[in-house]
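Thank you all for coming; I would like to walk through one model this morning, going from a couple of single residues out to the sheet and the helix pairs. Please have the sequence and the structure open while I talk.

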Amino acid sequence: LHSQEQEPVSGGHRVCGRRRKLHRVPKPGGLRQGFFLLLSSTLGSESSVPYPVTCVTRGADLTEDGMLLLCPPDCSRWRVSVFGTGVYASVSSVCGAALHRGILGASGGPVRVNRLQGRHNYMSSYAHGIQSQALSHWTASFSLTKPVSVPLELSSDTSTTALPAAAQPGKKPLKKLSVKKALTGGNKDCQMDIAMVIDSSNNIGQRRFNLQKSFLGKLTAMLRVGPIGPHVGVVQASDSPKTEFLLTNYTQPKELLFALKELAFLGGNTNTGKAIMHTAETFFTQENGGRRGHPRVMVVLVDGWPSDDLEQAAMFARESGINVFLVSVAKPAPEELAMVRDKDFMKKAVCKDNGFFSYWMSSWFSTTKHVKPLTQRLCSLDRLLCSKTCYNSVNIGFLIDGSSSVGEGNFRLVLDFLAGIAKSFDISDVGSHIGAVQYTYDQRLEFNLFDHSNKDDAVNALRRIPYMSGGTATGSAISFTTQNLFRRTGPGRNYLIVVTDGQSYDGVRGPALAAQKQGITIFSVGVAWAPMDDLRTMASEPKDSHTFFTREFTGLAEFIPPLVRGICRDFTENN
């Protein structure tokens, strides 16, 4: 089972959750260190040149035996998947297995991969800080050896330069490899993380459990799981929930189908509430493969009715930004209703009781016709109401007073305060955004809402803002920000935090009202000599919860938690 999808690999850089088929290429003269190209080659496999891979590159991604690979440092910090001990299933991370085997340490390094046949009963063990998992069977394996010497040291500096014709005499020049073209595989219109919580109780039984697995196989095939498409993991609901595999364990359709077929029936009670809570608490974290800014979906399958209460677990899932769908199969007959603990369990379990998140199937014996309509619901990104939380769906503008009365030292305290607010949100290209304007008598757009696609870059840009110094014209600055910072955004998710330390030389009422009519919620933060009348005039209603004041710049940090809560409160009320 070789990976059929190609993705860019950065030697020495962490690229989590992405895999790629690797082919050999002779080292061309004149290319800078770290350059490699993914192309077929006629060279033998016993090369002395190590090729950079990522922490999650698997044995199944390699096309040749005996390949010498260069693992990046700190792979133990990622949640790498390793199956087996000594001999590893090919679905295992090569670098993770090398750490487990003790061939590599935290600094990474070269390792040679030897392909082996598939086998049964891969054993789990804990070694060198890595916990490997057991696996009943897999179609291919690999073992690892440490090379005697590696003459070439590769840097993490990479290039996409085309291979010169001189590098291969008699060959035509090779076309430049497009990184975008390499990023293929999966349904790009359904990029989400999906947890399948399946029924493994005595209520469903072995026969219908197998039919449920068949249905899941058809559903994941229709979803078109892939590296840049939806990712799917599975949790079984029984007496206690059991995580079978995580979101990044199987991102190729064939591997996922095989893993689904290998699921073993557990039996026990239908403790669906426990399974929902377990999944909501642990499944979507970045450490477990959750992707930042991607919608989180939980599909809960229940045969009959659950044994425990779902309400509290479902409420926690909603508050965590998880869209819970409940698929009910073979609903209880009238004579069975007395045994049902909560007859409204479907209404209480789903993201929103509007009919969209609830799905009925009469039997496990007629599920094929339900695959397409359920897939269409799951991939309707604009209807996933619960994924639009305040943390991943807001645009926050910072309007910063750079007047002479603030001073360089206090200006840095203001930036620290705003950075603390920014760090509370999930900033990404598909998540929340921040932008900043500094003003005196003039205004300066420091960076726009869509200039930085991750939190670190946005916060660093905020901290690097140079101090202007000058007068104070807050009204004009609000108008400038409304027209320039928020011009590409829709209503209901835009927030402006104004920080000032003094009296404005122009009026603030008109500009503030115009901004609020445009759908911008204003929080005013005053320091030192900022008049309370101006602060309350600028702030949105209710004034008391949108106005903050402190005598000292050192007191700004105390406002971070209530400001974040205020934004989330307003977002929830408006959405």
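Let me begin with Thr 367, which touches Phe 215 and Met 361, if we leave out residues up to four places away in sequence; contact here means heavy atoms within 4.5 Å. Thr 367 sits in the loop between strand E14 (358-361) and helix H8 (368-378), where helices (H or I, at least four residues) and strands (E, at least two) are DSSP runs, numbered from the N terminus. Thr 367 is buried, with a relative accessible area of 6%, and by buried I mean under 20% relative accessible area, with exposed being over 50% and partly exposed in between, using a 1.4 Å probe and protein chains only.

Before going further, a word on the source: this is a predicted model, in which local features need pLDDT of at least 70 and side-chain atom pairs count only at pLDDT 80 or more, while totals for chains, interfaces and linings use all residues. Residues are numbered from 1 along each chain as its sequence is written, and side-chain values use heavy atoms, with hydrogens and water left out.

For the chain as a whole, there are 14 helices and 20 strands, and buried residues make up 55% of its 575 residues. Of the contacts with a separation of 6 or more, 76% are between residues 24 or more positions apart.

Not counting residues up to four places away in sequence, Leu 99 touches Cys 75, Ser 76, Leu 104, Gly 105, Ala 106, Ala 127, His 128 and Ile 130. The C-alpha atoms of Leu 99 and Gly 129 are separated by 7.9 Å, although the two residues are 30 residues apart along the chain.

Now to the sheet. In what order do the 6 strands of the open sheet run? The order is E17-E16-E15-E18-E19-E20, and the pairing is mixed, with two strands taken to pair if DSSP finds at least two bridges between them. Strand E17 (443-447) and strand E20 (547-550) are the edge strands, each pairing on one side only, and the twist averages 20° from one strand to the next.

Looking at strand E15 (395-401), we find that 7 of its 7 residues are buried, so E15 is largely enclosed by the rest of the structure. Both faces are covered, with Asn 395, Gly 397, Leu 399 and Asp 401 buried on one side and Ile 396, Phe 398 and Ile 400 buried on the other. E15 runs parallel to E16, joined by 7 bridges, and E15 also pairs in the parallel sense with strand E18 (residues 494-500), over 6 bridges. Ile 400 has Gln 438 as its bridge partner in E16 and Val 499 as its bridge partner in E18.

How do helix H9 and helix H14 cross? The axes of H9 (residues 408-422) and H14 (residues 560-574) come within 9 Å and cross at roughly 45°, the axes being lines fitted to C-alpha atoms, for helices over the stretch in contact, with angles running from 0 to 180 degrees between N-to-C directions. H9 and H14 are therefore oblique to each other, on a scale where angles under 35 degrees count as roughly parallel, over 145 as roughly antiparallel, 65 to 115 as roughly perpendicular and the rest as oblique. In this contact Phe 417, Gly 420 and Ile 421 in H9 meet Ile 560, Leu 563 and Val 564 in H14.

The other pair is helix H11 (residues 474-484) and helix H12 (residues 509-517), whose axes come within 8 Å and cross at roughly 20°, and which are therefore roughly parallel to each other. Gly 475, Ile 478, Ser 479 and Thr 482 of H11 make the contact with Pro 511, Ala 512 and Ala 515 of H12.
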